[in-house]
Amino acid sequence: MEVRGPKRFVLLDFYRFIAALGVFIFHLKNIDKGISPAWNGSYGLFVDMFFILSGFVISYSYPATSTGPRTYVRFLVRRIARIYPLHLLTLLIFAVLALVGISGPTSHVSWLDFLHNLLLVQAWGVTDHLSFNSPAWSISAELFCYVLFPLFMLLAGRVSPLTLAIIVALCYGILAHAHLPIWQERSQMYGATFDFGMLRALPSFLNGILLTVLFRLSSDYRRKPVAFAGIALFAGSVLILNLYAKPDLAIILFSLAILVTATGESAFARFPGSDWLGRLGNTSYAIYMVHEVLLILLFKPAWHYFGLQPSMFPVFALVCCIILTVVADVTYHYVENPARKLINRLAPGDARSVHIPKAEPLDLSETRQAANAS
């Protein structure tokens with residue numbers, strides 16, 4: 001069964017939504033030191049799943065016959081249109097908060113920090129700290145992968161799937177397990193943010209491209225039950241991630257879940273509940289980018305104002321997730337989507353010639369200081 005052109009994988013979009021909320025809870029639990037360790041799972045590793053998903057969705061959607069500088073410029077414009085408007089908005093909000101004396105998880109808010117964030121290079125090893133909207137480090141890392149994307153696609157087209165898999169494994173092995181001096185935390189690559197966080201993104205983004213190659217070879221397995229096997233794999237990975245800080249295991253489970261889910265979903269003309277799954281998927285980027293703002297201005301003050309106890313955290317987290325999702329939905333419809341359409345008009349050529357699905361990154365570390373992890 002062959003896929004007849006680019007399609008939107010709504011289940012993968014929904015996974016991104018769940019992962020974005022996971023990163024939010026990873027940060028929310030720091031409002032009180034007495035919150036149960038059961039909530040101290042490694043949900044910061046969801047950021048690595050975002051990198052894998054981005055590599056998969058973008059490489060799958062990118063026309064194989066598209067080459068040349070004009071296509072590359074069009075691609076970059078469309079990717080910037082996807083990530084930059086909301087990044088700029090949150091950056092300006094944090095700048096205003098800093099001016100009025102309200103600090104976030106990090107107190108670093110110099111003009112040089114602002115410039116690094118404005119240019120989205122704060123995760124390229126140019127600084128020794130996070131600043132402003134700290135989760136945006138991963139968006140900076142994504143941009144690094146976008147710049148190298150044509151080289152990644154050229155590599156994927158020139159080598160066999162087995163060779164590409166070996167290259168991906170070597171990238172993980174060298175970057176995640178070699179004791180490189182560039183990593184600042186004991187968790188090394190999986191704790192990297194400002195300290196060359198773009199290199200943390202590289203193997204996972206390339207891994208996503210490998211999954212695209214494997215997906216195109218999966219025609220014999222595109223059956224509806226396979227999609228539900230993928231859902232079970234993802235659910236299992238979320239559960240395991242809450243119990244164990246095992247980055248390698250998380251990467252393997254995430255990769256399998258993405259590949260199996262995409263393979264199974266391809267058997268559906270339209271997956272049940274696609275409208276809602278897609279809509280929730282649309283909120284994922286905003287959830288990731290605005291949650292620190294709401295933590296500072298709403299959620300943390302509410303926790304202390306009502307004098308809530310750690311035992312109330314599950315209910316509090318649920319309410320916060322609902323509020324955050326609603327805010328993200330509004331942000332998507334009135335900020336992200338309009339701004340993206342406006343910027344896409346600047347892309348050279350027919351914008352319709354490159355299809356990029358509506359829901360993209362995130363854009364989230366394992367044992368890094370929780371407030372600064374993403």
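## Surface and burial

The protein chain exposes about 16,000 Å², and carbon and sulfur atoms supply 68% of this area. Accessible areas come from the Shrake-Rupley method with a 1.4 Å probe; for residues, only the protein chains shown count as cover. Of the 374 residues in the chain, 56% are buried. Buried means under 20% relative accessible area, exposed means over 50%, and partly exposed lies in between (1.4 Å probe, protein chains only).

This is a predicted model: local features need pLDDT of at least 70, side-chain atom pairs count only at pLDDT 80 or more, and totals for chains, interfaces and linings use all residues. Residues are numbered from 1 along each chain as its sequence is written, and side-chain values use heavy atoms, with hydrogens and water left out.

## Secondary structure

The protein chain has 12 helices and 0 strands. Helices (H or I, at least four residues) and strands (E, at least two) are DSSP runs, numbered from the N terminus.

Arg-74 lies in helix H3, which covers residues 69-99. Arg-74 counts as buried, at 8% relative accessibility.

## Helices H7 and H9

The axes of helix H7 (residues 197-215) and helix H9 (residues 247-265) come within 10 Å and cross at roughly 35 degrees. Axes are lines fitted to C-alpha atoms, for helices over the stretch in contact, and angles run from 0 to 180 degrees between N-to-C directions. On the H7 side, the contact is made by Ser-204, Asn-207, Leu-211, Leu-214 and Phe-215; on the H9 side, the residues include Ile-251, Ser-255 and Ile-258. Contact means heavy atoms within 4.5 Å. By class, the contact has 7 nonpolar, 4 polar and no charged residues. Ala, Val, Leu, Ile, Met, Phe, Trp, Tyr, Cys and Pro count as nonpolar, Asp, Glu, Lys and Arg as charged, and the others, Gly among them, as polar.

Ser-255 of helix H9 is buried, with a relative accessible area of 10%. Leaving aside neighbours within four places in sequence, Ser-255 is in contact with Ile-52, Asn-207 and Leu-211.

## Cysteines

A disulfide is a covalent bond between the sulfur atoms of two cysteines. Here the cut-off is a pair of cysteine sulfur atoms within 2.5 Å. A search of the whole structure finds 0 disulfides. Cys-321 is in no disulfide, and the nearest cysteine sulfur, that of Cys-320, is 7.1 Å away. Cys-321 counts as buried at 10% relative accessibility. Cys-145 is also buried, with a relative accessible area of 0%.
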